Amino acid sequence: MAKNSKWQDEYWLLLMQIYLQRPVGMKPMYSRAMVDLSLEIHIAPNILFNRMCQIANLETPRIEHIWESYGTNPRKLARAVSLWREMRGFNNAGEFYEGVETNESFEKDFKPISEDEVLTPMMLILILDLYFRLTPITMVPETPEVQELAKLMKLKSAKVADVLEVFQYCDPYLNRRDVTFSPLLLPCQQIWRRFGNANTEDLASYASQLKAYFKN
């Protein structure tokens, strides 16, 4: 990323606060708290997850010192985190990063697509994973798997079914000859190019991790 993403000592405090949330311990890489922190400090979830592993194992003297100072004093930790956010322009990221070139990568997957106020690329990835588990005739709102995913993502089943149908126009094996004018075609094509021709098991593994975002 073009944005300055060098690790800062204060980030340990932000990450430790998540680690100490009940149940105390490692949190899923794509849990909402981890993703929210990633978006806040512009560091990808997988990097934060690896750093959290360092906290769990107290891998360095620096981490040990921070743990001794804050690990058993959540109020002190909360004050330190609050102070850091006040000083660094929390909820005012525009000013904080003013003059810094932005080249978003993972962030885009968690922000609504321009063609829809609700759907995000991450949701489209989950729906694509479901696509490969169904047949076209079952890609309807009444299908239990469609309803289950819709409930997880807090969407209507019809919305998920609509996306599944659009993915049919991206699938070269179906070779649909009719035309769709859905505004979701372009974002679905973009997701298909990223994952549609990849190993479905790899996609399933990634989708399984992403679901953690909706389970908090």
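1. Leaving aside neighbours within four places in sequence, Leu134 is in contact (heavy atoms within 4.5 Å) with Met139, Thr143, Glu145, Val146 and Leu164. Leu134 lies in the loop between H7 and H8; helices here are DSSP runs of H or I with at least four residues, numbered from the N terminus. With a relative accessibility of 13%, Leu134 counts as buried, the limits being under 20% relative accessible area for buried, over 50% for exposed and partly exposed in between, with a 1.4 Å probe and protein chains only. The C-alpha atoms of Leu134 and Glu145 are separated by 8.6 Å, the two residues being 11 apart along the chain.

2. The model is predicted: local features need pLDDT of at least 70 and side-chain atom pairs count only at pLDDT 80 or more, whereas totals for chains, interfaces and linings use all residues. Residues are numbered from 1 along each chain as its sequence is written, and side-chain values use heavy atoms, with hydrogens and water left out.

3. Glu145 also belongs to the lining of the second largest pocket, together with Leu126, Asp129, Leu130, Arg133, Glu148, Leu149, Leu152, Lys211 and Lys215. A pocket is an open set of points on a 1 Å grid over the protein atoms alone where a 1.4 Å probe fits, with protein on both sides within 12 Å along at least five of seven lines; lining residues have an atom within 4 Å of a point. Its volume, the space filled by probe spheres set on the points, is about 230 Å³. Helix H8 (144-153) gives the most to this lining, with four residues. By class, the lining has six charged, four nonpolar and no polar residues.

4. Just after H3, Leu58 takes a positive phi of about 45°.

5. In helix H10 (residues 185-196), by contrast, the end C-alpha atoms of the 12 residues are only 14 Å apart, short of the 16 Å that a straight helix would reach at 1.5 Å a residue. Pro187, Cys188, Ile191, Trp192, Phe195 and Gly196 are buried in H10. Their arc seen down the axis of H10 is within 140°, so these residues line one face of the helix.

Definitions and conventions:
Helices (H or I, at least four residues) and strands (E, at least two) are DSSP runs, numbered from the N terminus. The expected span of a helix is 1.5 Å times one less than its number of residues. The arc is that of the directions from the helix axis to the C-beta atoms. Ala, Val, Leu, Ile, Met, Phe, Trp, Tyr, Cys and Pro count as nonpolar, Asp, Glu, Lys and Arg as charged, and the others, Gly among them, as polar.
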